[in-house]
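Dear colleague,

I am passing on the structure you will be working with. Please look it over before reading my notes.

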Amino acid sequence: MPVWLREHRWRQSDSAVFLSLPVPGARVTAANIFCTDRYLKVSVPPFLFEAILYAPIDDTNSTAKIGNGIVFFTLYKKEAGTWNSLTLENASKEKLQYLRENAVLKAHEKAKEETEAKKVTKQEHKKYALEATVKLEEAERKRIEELKEQERQKVTKELELWKDQQKFVENQRKVQKEGQLHEEVEQLKEKKKEKINKTSIPSEETLKTRLKPTEGSGSYSMFSENLKEEQLPAPRSSGTIKINFTSRVFPTALRESRVAEEEEWLHKQAEARRIISADLSELEDLKEEEKNPDWLKDKGNKMFATGNYLAAVNAYNLAVRLNNKLPLLYLNRAACHLKLRNLHKAIEDSSKALELLTPPVPDNENARVKAYVRRGTAFCQLELYAEGLQDYEAALKIDPKNKTIEKDAEKIRHVIQGTMQNSLKNQN
């Protein structure tokens with residue numbers, strides 16, 4: 001049975017009631033006190049104090065101080081006035097029970113409202129924190145983009161300046177070469193003039209020997225017999241010149257060929273022949289067309305179209321063994337692995353296809369888009385949404401007008417934002 005605390009002192013003013021309640025030998029905490037606008041209760045086992053107040057009070061601003069075994073209450077009245085007593089007198093047990101239960105119900109409703117208000121405030125704080133985080137990330141992204149743009153403009157200016165310098169140097173070289181050629185031509189002209197002058201002005205002795213008197217006359221003639229003896233040399237004898245051409249694999253002439261590309265092609269052909277002949281024990285039972293990687297690729301495509309993904313993978317595997325430099329083989333095999341849920345293998349084949357699809361040129365744009373999308377899909381199915389979003393954004397850079405890829409990328413962004421919100425909730 002509880003021990004009822006009957007001893008207490010109280011006094012009042014027009015706006016407040018001051019209540020002093022001694023609790024001997026007991027340790028009172030805030031959890032032992034329950035107060036509403038009409039009901040006050042202090043429960044410190046084995047002591048119990050309960051009061052149905054004379055008039056309503058402001059339980060929100062009212063206070064209780066605990067110290068030295070005494071609880072001192074300051075209860076602010078809702079309406080100024082004088083109370084005839086601290087508690088409600090001459091009330092029936094039913095009314096007291098009703099007031100008590102009503103006080104407890106109001107307390108529960110107030111606590112519920114406070115909990116809901118705290119919950120709403122907490123959600124607003126989370127929303128604000130998320131918006132602030134998104135804004136910070138957006139500002140950081142813009143800053144990085146601006147830095148990239150500045151660096152690009154700087155490099156472009158430097159490149160243009162270098163090109164102008166190269167053009168100026170080339171022009172200077174052309175001017176120097178033209179000047180040297182002009183000087184050489186002038187020197188050749190001078191030498192030619194000197195030769196002509198030497199040959200056109202004969203000496204007196206040569207004139208005397210050439211101008212001899214002709215028979216039967218006393219005059220001299222330039223067309224004498226001695227001049228006729230100075231004849232031109234005999235023509236050269238005819239012969240045959242043998243020409244031997246350098247032996248070549250390609251039909252074009254050596255001067256028209258690209259040696260580096262031809263050697264690379266020959267190296268690839270030799271490597272392909274080596275791979276084919278390396279395991280003749282397994283390939284000797286195959287037909288001639290089954291040893292062709294392109295035929296096997298077409299076979300795998302047909303198997304994929306019919307839904308036989310395992311057979312398609314086997315066809316692509318054999319084609320890769322015959323020629324491991326064809327990116328479409330890895331790209332198609334990645335699609336099969338996606339269907340079979342072999343996600344890590346799909347990522348490996350897509351990465352290998354991207355590695356072989358270099359350099360990036362307009363002819364392989366479609367294949368690179370497929371490789372990025374398939375690898376991004378595999379990442380997302382492994383719940384690696386950040387890596388998947390990077391691949392989808394790379395595909396969008398190549399094909400920005402593809403609405404399907406844009407929608408999928410937007411879905412991934414929503415998933416990432418939802419994951420961030422859930423993580424924030426768990427932390428809080």
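This is a predicted model: local features need pLDDT of at least 70, side-chain atom pairs count only at pLDDT 80 or more; totals for chains, interfaces and linings use all residues.

The mean pLDDT of the chain is 82, with 86% of the residues at 70 or more. For residues 210-220 the pLDDT falls below 50, and in the model this stretch has 13 contacts beyond near neighbours in sequence.

An open sheet is built from four strands in the order β1-β6-β5-β4, with mixed pairing. Strands β1 (3-4) and β4 (33-35) are at the edges with a single partner strand each, so one side of each has no neighbour in the sheet. β4 and β5 (residues 39-44) run antiparallel and are joined by three bridges; F34 is opposite K41 in β5.

Helix α9 covers residues 343-356, and its end C-alpha atoms are 20 Å apart, in agreement with the 20 Å that its 14 residues should span at 1.5 Å a residue. Its buried residues are L343, A346, I347, D349, S350, A353 and L354, and what covers them includes α8 (327-339) and α10 (365-381).

The count of salt bridges is 12. One of them joins the side chains of D59 and K110 (3.3 Å, N to O). D59 is in the loop between β6 and β7 and K110 in helix α1, so the pair ties together parts 51 residues apart in sequence. Another is formed by E393 and R413, at 3.6 Å, N to O. This pair links helix α11, which holds E393, to helix α12, which holds R413. E393, E410 and R413 are linked in a network of salt bridges.

Regards

Terms used. Residues are numbered from 1 along each chain as its sequence is written. Side-chain values use heavy atoms; hydrogens and water are left out. Helices (H or I, at least four residues) and strands (E, at least two) are DSSP runs, numbered from the N terminus. The expected span of a helix is 1.5 Å times one less than its number of residues. Buried means under 20% relative accessible area, exposed over 50%, partly exposed in between (1.4 Å probe, protein chains only). Contact means heavy atoms within 4.5 Å. pLDDT is the predictor's confidence in each residue, from 0 to 100. Two strands pair if DSSP finds at least two bridges between them. A salt bridge is a side-chain nitrogen of Lys or Arg within 4 Å of a carboxyl oxygen of Asp or Glu.
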